[in-house]
Amino acid sequence: MTATTLDPPAVSIQNVSRLFRTRQGTTQALKGINLEIADGEFVALLGPSGCGKSTLLTLIAGLDTPSSGEISMYGTKQVGPNTAAGFVFQKDLLLDWRSALSNVLIQFEMRGIRPGKAEVARARELLAMVGVEQFADAHPFQMSGGMRQRVAICRALVHDPRLLLMDEPFGALDAITRERLNFELAEIAARSKKTVVFVTHSVEEAVFLADRVIVLSPRPGVIHAEIVIPLARDQRGWPGEGTPLDPYVRQARQAMDAIHLERENVA
Ligand SMILES: Nc1ncnc2c1ncn2[C@@H]1O[C@H](COP(=O)(O)OP(=O)(O)OP(=O)(O)O)[C@@H](O)[C@H]1O
């Protein structure tokens, strides 16, 4: 189903700020963020370290509360953890004493559902989709970083969430595995029509994956630039010399450079 202008946005962030008060002082991690994400849209949050990307994702996840402002999901104000979403973090957080299949099935157990035939079949189907079905009975310590992260993606998808929240999921992987997983994610997201919010430091990754790249600048974290990429997500080549994504890579780089220059002038 395609979203219409009458549908409430998947995520609506209205004038959201987040201040952290510690013994060392106060940090304004985010200031006056306004952002609407449509159902089925893939949005990348890009920016230098400390600009508040993870803070914003944690607020969307409902694992933290804004100091001011409001976040709504599909028209309903967010209060408490967003259990309807799927999460993937930089660390895969798999349990070493459970098999890959059993790690995926945790998602059901956490929701008080005893996995039956249907749940096991769904988990196996996802493991097959990301090419690790032969490792279903293996334990995480027997798997490479890329395989582990594939299992973590299956765990995030197995309950069929409408919203997938990803915090630098491929940041710890080598460049080749990272690129391969980016292609797989692009296909999964396009096929399943999930709404995705994806945090990254990588310009290429953001531009390759997203419909829209939101560039944040730090202290306080504000939206510095917004880059819309009107190319079909599942038909893009990896950005490089002479590819259709190049103009968008240039725009994103310019935005990142401007942030660095601003920081140097302030310092
Ligand atoms: N729980 C907290 N207590 C105090 N300060 C915090 C807390 N969480 C985040 N911050 C501060 O808020 C700012 C934004 O942090 P955040 O982790 O969201 O940035 P980021 O863009 O995700 O960074 P990175 O790319 O390095 O992960 C930073 O200055 C950070 O030190």
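Two strands count as paired if DSSP finds at least two bridges between them, and the elements themselves are DSSP runs numbered from the N terminus, with helices (H or I) of at least four residues and strands (E) of at least two. The model is predicted, so that local features need pLDDT of at least 70 and side-chain atom pairs count only at pLDDT 80 or more, while totals for chains, interfaces and linings use all residues. Residues are numbered from 1 along each chain as its sequence is written.

**Exercise 1. Work out the strand order of the open sheet of four strands, and name its edge strands.**

Step 1. The open sheet has the order 2-1-4-5, with antiparallel pairing.

Step 2. Strand 2 (25-37) and strand 5 (76-77) each pair on one side only, and they are the edge strands.

Step 3. Strand 1 (residues 11-22) runs antiparallel to strand 4 and is joined to strand 4 by five bridges; in one of the pairs, Ser 17 has Ser 68 of strand 4 as its bridge partner.

Step 4. Strand 4 (residues 68-73) also pairs with strand 5 in the antiparallel sense, over two bridges, and here Ser 72 has Lys 77 of strand 5 as its bridge partner. The hairpin of strand 4 and strand 5 has two residues between the strands, and Tyr 74 takes a positive phi near 45° in this hairpin.

**Exercise 2. Describe how helix 2 (residues 100-110) and helix 4 (residues 145-157) pack.**

Step 1. The two axes, which are lines fitted to C-alpha atoms over the stretch in contact, with angles from 0 to 180 degrees between N-to-C directions, come within 7 Å and cross at roughly 30°.

Step 2. Helix 2 and helix 4 are therefore roughly parallel to each other, a term that covers angles under 35 degrees.

Step 3. Residues are in contact if their C-beta atoms, placed from the backbone, lie within 7 Å. From helix 2, Ala 100, Asn 103, Val 104, Ile 106 and Gln 107 meet Val 151, Cys 154 and Arg 155 of helix 4.

**Exercise 3. Locate the two domains and the elements of domain 1 that touch domain 2.**

Step 1. An automatic or database domain assignment supplies the bounds, and it divides the protein into domain 1 (1-84 + 162-224) and domain 2 (89-161).

Step 2. The C-alpha centres of domain 1 and domain 2 lie 23 Å apart, and 14 residues of domain 1 are in contact with eight residues of domain 2.

Step 3. On the side of domain 1 that touches domain 2, strand 7 (163-167) and helix 5 (175-192) are the elements that give two or more residues.

Technical notes
Parallel < 35°, antiparallel > 145°, perpendicular 65-115°, else oblique. Contact = placed C-beta atoms within 7 Å.
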